[in-house]
Amino acid sequence: MKDRQEAQARLKGIFNITMTPFTREGVLDKAGLARNVERVIALGYDGVLIGGTYGEFPTMTVAERAEVFTHVMDVIGDRIPAMLCSAGSDPRDVYELTKLAGDLGGVPMVTAPYVSEITDDQIVDFFRDVAPLSKTGIIIYNAPGIGITLSPALISRLADIDGMVGLKQGDLNPTAIDRIANDLRGRVRTFCASDLAFLGPVMAGFDGFSTTNSGALPELILATYRKLEAGDASTARDLHALWYDYRALARAHGQPQLVKAAMNLRGFDGGSVRLPLRDIPAAVQPKLRAVMEKLAADSRTGLKLAA
């Protein structure tokens, strides 16, 4: 199918995992979401990922997620590709959102069902059921943090299903990365699901990666990837090392909480997180500001704080 072939061809490079800004009362800020998308398009990101795990999809209703998909695709048009996360615990919701994502021109991203003791064969059957619903194909989302960890052998089986165009790989075990990078090469597009540890998978042959912290550090993370893409691994390594202190805070206080707080310091539309997550404590704010000021003082980062 032409739409799937075109969608797969465009799935490569650096994709911003776009924060979904909410007010403190939990109301979706659609104007802020649009500005977040426009920022990374203007900087030269290859694509966006909307409504993913760090986009807080588990806290949204199906209607809200559909609203986010439609709004973002209206903003983007056909300028860049968009992964639209249609994962969910109820297959009926997954079917509905997957069809909508494909109809809108995005590429739906689907996890295995969150069901205890589901077998590999049942997971394969689930993806076979979902695949025909999307005009643009399906991205397999291997998300150990929110569900089942798919083995490389099972991922290979899923990649053989007609309609599979990509994989977002959250299991960063080196053995899994090595097998996937080589086994899936030329079959589906492969994306590393972490900007904390993307250097290795990209060097191993992954087609790109998705980045949460580019909401707060878009210039620095983009520059790092472009250096790696150009074969300058040494400079990419040095740029990645610059924001280690920020990563340490993120590990301590969580994503998307820290990302949104850092975005707000820059005058971006981070907004607040939705329950059950909570915004970072006031006592952490000075630590975050100190880290961000240190980054802003380094000319290599391209980072500026709000006045």
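Leu-288 is in contact with Tyr-246, Leu-249, Leu-258, Ala-261, Ala-262, Leu-265 and Ile-280, leaving aside residues up to four places away in sequence. The model is predicted. In the largest nonpolar core, which has 100 residues, Leu-288 is among those that touch the most other members, together with Phe-127, Leu-158, Leu-217, Tyr-246 and Met-292. The element that gives the most to this core is helix α3 (residues 62-76), with eight residues. In soluble globular proteins, nonpolar side chains tend to be buried together.

Phe-127 also belongs to helix α5 (residues 120-130), where the buried residues are Ile-123, Val-124, Phe-126, Phe-127 and Val-130. These residues lie on the same side of α5, because they cover an arc of only 155° around the axis. An α-helix has 3.6 residues a turn, so residues three or four places apart point the same way. Elements that cover the buried residues of α5 include those in the table.

| Element | Residues |
|---|---|
| α4 | 91-104 |
| β4 | 107-110 |
| β5 | 138-142 |
| α6 | 152-159 |
| β6 | 164-169 |

A search of the whole structure gives one cavity of 30 Å³ or more. The volume of the largest cavity is about 50 Å³. Its lining consists of Asn-16, Ile-17, Thr-18, Met-19, Asn-36, Arg-39, Val-40, Ser-214, Gly-215, Pro-218 and Met-263. By type, the lining residues are five nonpolar, five polar and one charged.

Technical notes:
Residues are numbered from 1 along each chain as its sequence is written. This is a predicted model: local features need pLDDT of at least 70, side-chain atom pairs count only at pLDDT 80 or more; totals for chains, interfaces and linings use all residues. Side-chain values use heavy atoms; hydrogens and water are left out. A nonpolar core is a set of buried Ala, Val, Leu, Ile, Met, Phe, Trp, Tyr and Cys residues joined through side-chain atoms within 4.5 Å. Buried means under 20% relative accessible area, exposed over 50%, partly exposed in between (1.4 Å probe, protein chains only). Helices (H or I, at least four residues) and strands (E, at least two) are DSSP runs, numbered from the N terminus. Contact means heavy atoms within 4.5 Å. On a 1 Å grid over the protein atoms alone, a cavity is a set of points where a 1.4 Å probe fits but cannot get out, and a pocket is an open set with protein on both sides within 12 Å along at least five of seven lines; lining residues have an atom within 4 Å of a point. Grid points are joined across faces, edges and corners, and a volume is the space filled by probe spheres set on the points. Ala, Val, Leu, Ile, Met, Phe, Trp, Tyr, Cys and Pro count as nonpolar, Asp, Glu, Lys and Arg as charged, and the others, Gly among them, as polar. The arc is that of the directions from the helix axis to the C-beta atoms.
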